[in-house]
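Have the model open while you read.

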Amino acid sequence: MLFQFSNVTKKYGSITALNDLTLSVPIGAIGLLGPNGSGKTTMIRTLLGLIPVDAGTGQVLGKDFRRQQLEIRREIGFAPEDECLFPHTVGVDFVAYAGELVGMSRIDALQRAHETLDYVGLGEARYRKVESYSTGMKQRLKLASAIVHDPKMLILDEPTNGMDPDGRQEILELARDLTRNKGMSLLFSSHLLPDVETVCNHVIVIAAGKLLAQGEIADLKQVHSQSYEVRVKGELAPFAERLRSCGCVAEVATDVLKVLVPLGATPQLIWRAAAEAGEQIRHLKPQRSTLEEVFLSSLERA
């Protein structure tokens, strides 16, 4: 188990950030979703042992987050959303300092700093002052500082926020590599649902400090009854017209047709229409809900 909460409550005055929250999260790549003010930041701070909770218990990596905060932080890497870089400091010194903070010797921290900067693609910028880095470079520098001590768990808070498409893709590829090839568990908090779906296989949805949904993304994305994705050998638009004449709703979406067959009908209707039109179907499968639909549906049930 990566972490678990049991009836955890945290209040800031009259505001309840975590409301009797209970959940168990498996090891792996976990997406953390929720609207602004949902309690995501408070959950992260609780995991790191940075704030005391008002009620409840829990464990992170098998350790009590109320009593073993220092031990937990030594096994977690954290890249916050906020700017956390020290001006007038060169990249390698910033990353090495992060290693020293979790107990590494100066020599070991420097060696690992060089290795992690190479890994995130900042080897040539290691002796540049951090204020000269671009937004994407700063995000990769924060990532390097979070993994310098080879943590068991990595927490990324809005890691692609404000980045251009190329920089965003670089961060996502690094996050995927860390979880899939380096064996590091990940908690990925983001408002960008495609990013979460790219990196994670499990998701948590919270709002008002309560758990709304949790599970494997593939399991949460339910099959839509009567809805199908279709590709054909020929042009999509003419075949869409043919399907409409058969009572279907058919829309062209880039390289695929999204088809809703009439109530009570089966995919056989699509096959029959293709045969009558002399068209060849190359792809046909039931349409599943998107992660965005899962998220919005969870909020509607709150």
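A disulfide here means a pair of cysteine sulfur atoms within 2.5 Å. By that test, a search of the whole structure turns up 0 disulfides. Cys 246, for one, is in no disulfide, and the nearest cysteine sulfur, that of Cys 248, sits 6.1 Å away.

Before going on, some ground rules: this is a predicted model, where local features need pLDDT of at least 70, side-chain atom pairs count only at pLDDT 80 or more, and totals for chains, interfaces and linings use all residues. Residues are numbered from 1 along each chain as its sequence is written, and side-chain values use heavy atoms, with hydrogens and water left out.

**Accessibility**

Buried means under 20% relative accessible area, exposed means over 50%, and partly exposed is in between (1.4 Å probe, protein chains only).

| Residue | Relative accessibility | Class |
|---|---|---|
| Cys 200 | 5% | buried |
| Cys 246 | 28% | partly exposed |
| Asn 7 | 38% | partly exposed |
| Asp 20 | 44% | partly exposed |

**Positive phi**

Most residues other than glycine have a negative phi. Asn 7 has a positive one, near 55 degrees, and it lies in strand S1 (residues 3–12). Helices (H or I, at least four residues) and strands (E, at least two) are DSSP runs, numbered from the N terminus. Asp 20 also has a positive phi, near 50 degrees, and belongs to strand S2 (residues 15–25).

Two strands pair if DSSP finds at least two bridges between them; S9 (residues 202–207) and S10 (residues 210–216) do so in the antiparallel sense, over 6 bridges. His 202 stands opposite Glu 216 in S10. The hairpin has 2 residues between the strands, and Ala 208 takes a positive phi near 55 degrees.

**The cavity**

What counts as a cavity? On a 1 Å grid over the protein atoms alone, it is a set of points where a 1.4 Å probe fits but cannot get out, and lining residues have an atom within 4 Å of a point. Grid points are joined across faces, edges and corners, and a volume is the space filled by probe spheres set on the points.

The structure holds 1 cavity of 30 Å³ or more, and the largest cavity has a volume of about 60 Å³. Its lining includes Ala 79, Pro 80, Gln 139 and Ile 171. Which element gives the most to that lining? Helix H5 does, with 3 residues. H5 (135–147) and strand S7 (153–157) each supply at least two.

Technical notes:
On a 1 Å grid over the protein atoms alone, a cavity is a set of points where a 1.4 Å probe fits but cannot get out, and a pocket is an open set with protein on both sides within 12 Å along at least five of seven lines; lining residues have an atom within 4 Å of a point.
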